[in-house]
Amino acid sequence: MAAITRLPLHHHRHAFPIIRPPLPLSKLPHSPSFFRNFYATPLRKFSLTPSLCCVPDQPLQSSSEAGSPSIVGDLLDYLNESWTQFHATAEAKRQLIAAGFQLLNENEEWDLRPGGRYLFTRNMSSLVAFAIGEKYSVGNGFHVIAAHTDSPCLKLKPKSAASKSGFLMVNVQTYGGGLWHTWFDRDLSVAGRVILKARDGSFLHKLVKVKRPLLRVPTLAIHLDRTVNKDGFKPNLETHLIPLLATKLEESSSEVKEKSPPLSSRAAHHPLLMQVLSDELGCAIDDIMSIELNVCDTQPSCLGGGNDEFIFSGRLDNLASSYCALRALIDSCQSTGDLSSEHAIRMVALFDNEEVGSDSVQGAGAPTMFQAMRRIISCLVHEYVGEGAFERAIRQSFLVSADMAHGVHPNFMDKHEEHHRPELQKGLVIKHNANQRYATSGITSFLFKEVGSIHNLPTQEFVVRNDMGCGSTIGPILASGVGIRTVDCGIAQLSMHSVREICGKEDIDIAYKHFKAFYQTFSSVDRKLNVD
């Protein structure tokens, strides 16, 4: 959801592993080395929450369709891997390549063929992947699901090193419209990308993730803020939202003193932070030429609730939509013959910077997707000499703008319009707004719901109250870019833009099935309705 102001993993349908500590928790060792090793272990494949336990070798089932394997386990893996927009894009790229998609480069010529599957990335934070139907002919349309890879977070400032009252602090910027009070008293760390200097003088682009708790933003004790519960917690985002990294070097242990280079007043970042990054990357500090880091919550994504019916995680907005779209594309064309009767081109587009308006080279405001469409058509025209190939293709195209939706909050039901209160576990939410904050029309809503109806998949409706402002999505941006038919939809969730969000497990599988059905059946549905 936008800012407030406006594999081969397709075969990897595993059960969650049973977590069996070798010792009772009360008997676990308490040495510093034990906990260093504990936090150094990979976060993927499971959460530390016991409620994830289930019977091994049995795929997680969704009650929405008994016998159909769930993708929830793989979504948790994706969320735990994707701490930043860079990691989300890199993991999506990895899964697509593992599924047989061919990597393209925007700087090179493309050689495309009907039946082929392709992808490219831009800035390693946005991605476009597509599969060309074997019966494609010039002028046929694109069936697209678009989502975004970014989420509200804290980002390190270009000069992040600061010191206050004996502490080493890390200066941060707020990105997007986050619920910033939820970032206090969390076990935080950093992740993102760096530019490294290679031995031959060239430069390398690498992703980095420090999995152990590294930072913390402490709240002020109630004894020093007696009226906080009455007046509300209202932190100053410039002065109160600064994470602690360590105590000053002269107050640190001798071990840290020996390991950490002396702090320079001219250093852009604390040498201690740079040392942590160099250890993680296995390089010298002097080899790190540039960093672009997010502050991230270290708690793994997991199942929760009395019946394990919820997903507790950061970045559900909008990685849940991104992953459902990604898997739907992969699984809709993974087998021989899946594209044999397809006349259109199936596409997924994942953009960065939606939370701050999309106006960037890697955002939906850039012509990335439409430039790709023109290039695809140019590659496939061959001897065709007619006019308007691209324009006719756009008129036959359809875009699903997938972004998380506001589920009704049981403690704040009056914040929803009385007759439009989406519930968790009840299917995708189709978003409407008469003032075009969403791109849904009566036609596009009908067509998308018809796809779900054919496959017995439920949908819900959402409109904002007339006395409240409405957020927006990439839907109107893309729809107005070249005039592509668009529907805005999303998975219902609670705690949107919190450091820790919640959605329903059932809705993940429903969204995946609806998106997959869209790729597989939209052509036949669209042929039944002629508007112009």
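**Group meeting: confidence, a strand and a helix pair**

Where pLDDT is low, predicted coordinates should not be read in detail. The protein's mean pLDDT is 88, with 84% of its residues at 70 or more.

This is a predicted model, in which local features need pLDDT of at least 70, side-chain atom pairs count only at pLDDT 80 or more, and totals for chains, interfaces and linings use all residues. Residues are numbered from 1 along each chain as its sequence is written, and side-chain values use heavy atoms, leaving out hydrogens and water.

Now strand β3, residues 126-132. Strands (E, at least two residues) and helices (H or I, at least four) are DSSP runs, numbered from the N terminus. Seven of the seven residues in β3 are buried, meaning under 20% relative accessible area with a 1.4 Å probe, protein chains only. β3 runs antiparallel to β2 (residues 117-122), joined by six bridges; pairing requires that DSSP finds at least two. Arg122 has Ser126 as its bridge partner. β3 also pairs with β13 (residues 345-351), antiparallel, over six bridges, and there Ala131 stands opposite Arg346.

Last, the helices. α10 (residues 442-454) packs on α12 (residues 505-526) at about 110 degrees, axes 9 Å apart; axes are lines fitted to C-alpha atoms over the stretch in contact, and angles run from 0 to 180 degrees between N-to-C directions. The two are therefore roughly perpendicular, a label covering 65 to 115 degrees.

Methods. pLDDT is the predictor's confidence in each residue, from 0 to 100. Angles under 35 degrees count as roughly parallel, over 145 as roughly antiparallel, 65 to 115 as roughly perpendicular and the rest as oblique. Buried means under 20% relative accessible area, exposed over 50%, partly exposed in between (1.4 Å probe, protein chains only).
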